[in-house]
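Look at the chain as a whole before turning to a single residue. The paragraphs below follow that order.

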Amino acid sequence: MIFFTAALSVPAVSYCAARGAAAPAARSAQGNDPWRDKAEFASFIDGFIDGEIRRGNIPGMAFAAVRGGETIYLKGYGFSDIAAGRAVSPDATLFRAGQISTVVTAMALLQLVERGRLSLDEEVNAHLRRWRLPGASSPPVTLRHLLTHTGGFDDKKLEICAPTSDDERDYAVRLRKIIGARYAPPGVYHNFSGLGYALVGAIVERYSRQNFAAAIERHIFTPLGMKSSTFAPNDSQKKLLATGYSGGNAVDYSYRYDMPATGMSATASDMGRLIAAALDGGLSRRGRVLQPLYLNSMFRRHFSPNPAIWGAGLAYEERFIGGTRVMWIKGFLPGYSAYLMILPDENFGLFYAANADRVDFGDSLSEAVAGRFFKKRVSPIETRTSSEPIPEDIAGYYRRNGISHNTAEKLMSMLDDQLKVSASGGYVSVTHIKGGYPASRWVRAETDKRLLGAFKGELFRRVDDNGEEAEEYMFFQRDEEDKVRALVMAGVSDTYDRLEPYEAYYDQLAVMAGFAAAAMFSLLGLLVGMRVNRGIMQWNSEIQSAVELWAIAVIFWGVQALFIAGIAISARLLGSELAAFIPYQVKALFLIPMAGGILSAWFWFRWFSNLPAPEYHPAEKLLLMGVALVCTAYMFFLADWRLLGFMF
């Protein structure tokens, strides 16, 4: 409770109930409305969304916009089900909201904080009965860390889907087995963790003494009049759910163990009511779901490594558009996309949802709306160009940190795009390895050191093509040993891990090419050695080839090729099914690398045994030692990618 005495609050405005409409609502009775004609807003939104639907081949969408507690525009576009020819209704069609669900989960937890049952800075382990979070307990993971995605947990993409609705409702029982390992101390790096929010949901269940879906319906949806929204759709509600499409094909409804982070289904009109309450300090027709102090704290910055970097609120993330502060969150599930944006200082918010994969024009929509309908504000952060030299150790390669660092899922990031950072001529240059994005230049900047807090590092400001400094910053984050550990570009959602030199994209390709070359060389050595020993090829008198060792090397690489082929075939055949269950046959494939370890050890044993043998040529012994070293390096390669053992 002590934390909230220092929370910043946004002044509440008079409540006006959200109204569903297929056209712009009437002008608000409140004065001070800078929009002369809401029809202009409607026309602008229609043109923008129609263009995106055509470009993205999107089956259907729903949109809601709220200003000052009033729904000013509400509309459905296209079809919720193509085969049935059913049109999208903003009042009746349900869309899966994905990660936007975290907003509602955070509100439920804050209700418990408001009642004095919890405190945001309490240790999470204090609320776990029979198990403890993985990893070191110092410093402890707190509820605030979970709500800001700074718990230091890996997130999961495999085996995250539950087989049935009953299994989904029992997600809290499953949590102790699937929650991600700790890859960093809490409160240091931002990394979205759906299972972290599932843990929040489990705590809400415990203190409300109801299952999560029922608790949210009772304490959030019903008070706000969100009559259609649910975390556990029944058969009649599923009939109202828009059919999700991925690559033009309909997708089945998926149950998930991170249900409190991704499981909400809602209509656009219901989301308008949620936005209206958020803008009006939690006020609804039936009272307040949260006092303004607590609800507005969701919009306050709770984490950022540098004041110039856009930070994280509770569930929301932050960005600035033309000096206008925007709180946003995106939601993606197979077949569904959603976006929620709130401008707390402008009493405005909007939401859209689509029944298609990766519909991601929320940023451009936010920029267009803010630029056209709101006055440009002064940047909240003042910086100046720094005369300090650019540290040499920031140069290198960086990879987005939203991966699994501690399980075999790390393999999924092997060929991900990386950032290459270099410094010359007083500028830092950032390029994407895979292209598709223009290179950017950055100049060193500094701000008031009193604002920096406990984080160490260097701040840079982007320079545009005209040489002008833009309102976008990059921060290199250092650890306690003063080593660069992360790069944060613009906002905390774009956090990149600093990679070791051997982890660079092209170095990884070179290493894999080297392994392939070693395999081919081993096969060639075996074939040549067999011909030498049969007298088909001339060799020095009384000298033979160590065919046994070449054969062991060939078997080693053959076993590894079998493992790689097995993984590739499994990924090809099972695809998204791996998100629900990894078959035991696939897990059994991971016995193969361990067999490779035994072969590698046997290779070394036989090499040392044959080292004094005079019938083997010294040059051949040297070549075989090189092969043995490459085999050993390959085992370290597997260990680095968490492929040595059953690390799921």
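The protein chain has 17 helices and 24 strands; helices (H or I, at least four residues) and strands (E, at least two) are DSSP runs, numbered from the N terminus. This is a predicted model, in which local features need pLDDT of at least 70 and side-chain atom pairs count only at pLDDT 80 or more, while totals for chains, interfaces and linings use all residues. Residues are numbered from 1 along each chain as its sequence is written, and side-chain values use heavy atoms, with hydrogens and water left out.

Along its principal axes, the C-alpha trace of the protein chain spans about 105 × 65 × 50 Å. Of its 648 residues, 54% count as buried, meaning under 20% relative accessible area with a 1.4 Å probe, protein chains only. Contact means heavy atoms within 4.5 Å. Among contacts between residues at least 6 apart in sequence, 68% join residues at least 24 apart.

Is Arg478 buried or exposed? Arg478 is buried, because its relative accessible area is 10%. Leaving aside neighbours within four places in sequence, Arg478 is in contact with several residues, including Pro391, Asp393, Gly457 and Glu458. Gly457 is 21 residues away from Arg478 along the chain, yet their C-alpha atoms are separated by 5.2 Å. With Glu458, the side chain of Arg478 makes a polar contact of 3.0 Å. A polar contact is a pair of N or O atoms within 3.5 Å; within protein, one must be able to donate a hydrogen and the other to accept it, and residues adjacent in sequence count only if both atoms are side-chain atoms.

Key:
Buried means under 20% relative accessible area, exposed over 50%, partly exposed in between (1.4 Å probe, protein chains only).
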